[in-house]
Amino acid sequence: MKVVTRFAPSPTGYLHIGGARTALFNWLFARHHGGSFRLRIEDTDRERSTEDAVQKIFQGLKWLGIDWDGEPVFQFSRMARHAEVAQKMLAEGKAYYCYCTPEELEEMRARARAEGRPIRYDGRWRDRDPKDAPPGVKPVVRFKAPREGATVIRDLVQGDVTFQNEQLDDLVILRSDGTPTYNLSVVVDDHDMGITHVIRGDDHLTNAARQTQLYLAAGFAVPEFAHIPLIHGPDGAKLSKRHGALGTEAYAEMGYLPAAMRNYLLRLGWSHGDDEIISTEQAIEWFGLENVGRSPARFDFAKLNSLNGHYIRHTADDELLEAAMPFIEARIARKPDQAEQAQIRAILPAVKERAKDLNELADGLLFLFAVRPIQPDAAAQKHLDDAAKARLRKIAEALRSIGDWSAAAIEASVRALAETEQVKLGMLAQPLRAALTGRTVSPPIFDVAAVLGRDETLARLGDAVG
């Protein structure tokens with residue numbers, strides 16, 4: 001059997017982080033088995049579905065490096081096919097017309113609430129003759145659900161989950177205007193797309209019971225189900241925006257690398273021994289549903305930042321620079337020229353050692369583009385008092401005599417001066433950092449001076465001492 005999975009988002013907003021993880025798990029499972037991963041846009045909610053949201057879903061998946069097979073399927077365009085299956089169920093006595101008025105349905109709900117019962121349709125039109133229908137009422141079509149026995153979901157993550165059929169009422173499969181409902185559309189689309197495994201959040205478990213009944217009634221094979229626990233915040237509460245329930249584009253803007261995001265999402269609910277750093281190639285090789293946990297995963301920005309920092313440090317410089325360039329350009333409002341790009345490449349190995357994201361990486365490069373005279377921030381200004389300026393004059397004098405302008409030679413010169421002055425190296429390095437970058441935090445200061453070059457370094461020192 002060829003494995004076919006799918007990701008089926010509704011285009012009513014951004015591709016949030018929980019959806020991204022669902023897509024990743026489906027993609028990895030399909031790729032692991034040499035199967036197909038399909039994309040279906042469930043756009044039947046016409047009032048809330050937007051083209052902008054569709055494009056954000058496409059862009060989010062592409063940013064994450066998740067590709068799909070074949071053309072995306074748009075659910076709305078298949079409404080006639082969904083209705084066709086409903087009509088077939090009607091003809092076979094597996095569905096029926098319900099002529100309940102809105103007032104009757106509200107009365108039914110009110111009585112259930114008053115009696116403390118679950119709100120369920122009572123089946124009053126299940127066996128009645130449509131000839132008894134009240135005039136002027138457009139009927140819905142309801143599925144004639146089995147009332148006895150149980151529906152068992154043999155879930156690949158949750159194990160066997162049993163629903164007593166008496167707890168599942170006769171759901172509407174066609175609205176009074178003839179449009180199909182969610183559960184029917186999903187069942188028909190999954191069948192027609194040849195989906196073998198439905199991997200999704202465990203908030204769909206009840207839907208799985210209803211959909212299983214529909215699969216069987218329609219004469220379709222029931223796919224394998226795997227319901228993944230949802231993602232919670234660090235405090236154990238349901239994931240919200242304050243925890244990190246943001247769109248993938250927000251994570252891109254925050255400077256996370258796609259490879260790091262894939263690794264992090266993979267580890268939210270799935271494990272492979274004690275491995276934390278897992279490449280995409282390894283993930284495809286190792287991924288299996290048997291290693292998905294049953295407890296909710298907890299989203300943790302600290303872990304994500306640590307992982308992203310690892311990927312930044314271990315990404316090849318050319319690849320990292322390409323990813324960082326939009327962040328750099330946004331800060332200086334232009335594209336760096338060739339000489340500046342050469343400086344960036346020279347300092348990048350040092351800068352990336354400290355950066356947790358691409359924003360920090362770009363910030364760490366801003367000293368290259370500082371306009372003289374540099375205006376130190378408040379913290380840096382504290383390192384530029386009269387005593388510090390006196391030391392900076394001596395540093396400048398020492399640096400003028402260097403023949404080989406390199407980080408090693410600059411460091412040796414400053415260290416020698418520190419010994420002569422009988423001060424700790426930091427007493428020279430911090431004022432030097434403040435003078436050259438205007439900040440108290442920067443890449444290694446001797447690398448900074450080397451990349452700036454002799455003329456620019458001495459000029460900035462001259463500005464600082466007045």
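**Figure 1. Aromatic pairs in the predicted model.** The count comes to 10 aromatic pairs, where rings of Phe, Tyr and Trp (its six-membered ring) pair if their centres lie within 6.5 Å, and planes under 30 degrees apart count as stacked, over 60 as edge-to-face and the rest as tilted. Phenylalanine 299 and phenylalanine 301 form an edge-to-face pair, with 5.1 Å centre to centre and 80° between the planes. Phenylalanine 299 counts as buried because its relative accessibility is 0%, and phenylalanine 301 counts as partly exposed because its value is 26% (buried means under 20% relative accessible area, exposed over 50%, partly exposed in between, with a 1.4 Å probe and protein chains only). The model is predicted: local features need pLDDT of at least 70, side-chain atom pairs count only at pLDDT 80 or more, and totals for chains, interfaces and linings use all residues. Residues are numbered from 1 along each chain as its sequence is written, and side-chain values use heavy atoms, with hydrogens and water left out.

**Figure 2. Charges over rings.** A charge sits over a ring if NZ of Lys or CZ of Arg is within 6 Å of the ring centre and within 35 degrees of the ring normal. Arginine 128 lies over the face of tryptophan 125, 3.8 Å from the ring centre. Over the ring of tyrosine 121 sits the charged end of arginine 142, at 3.7 Å from the centre.
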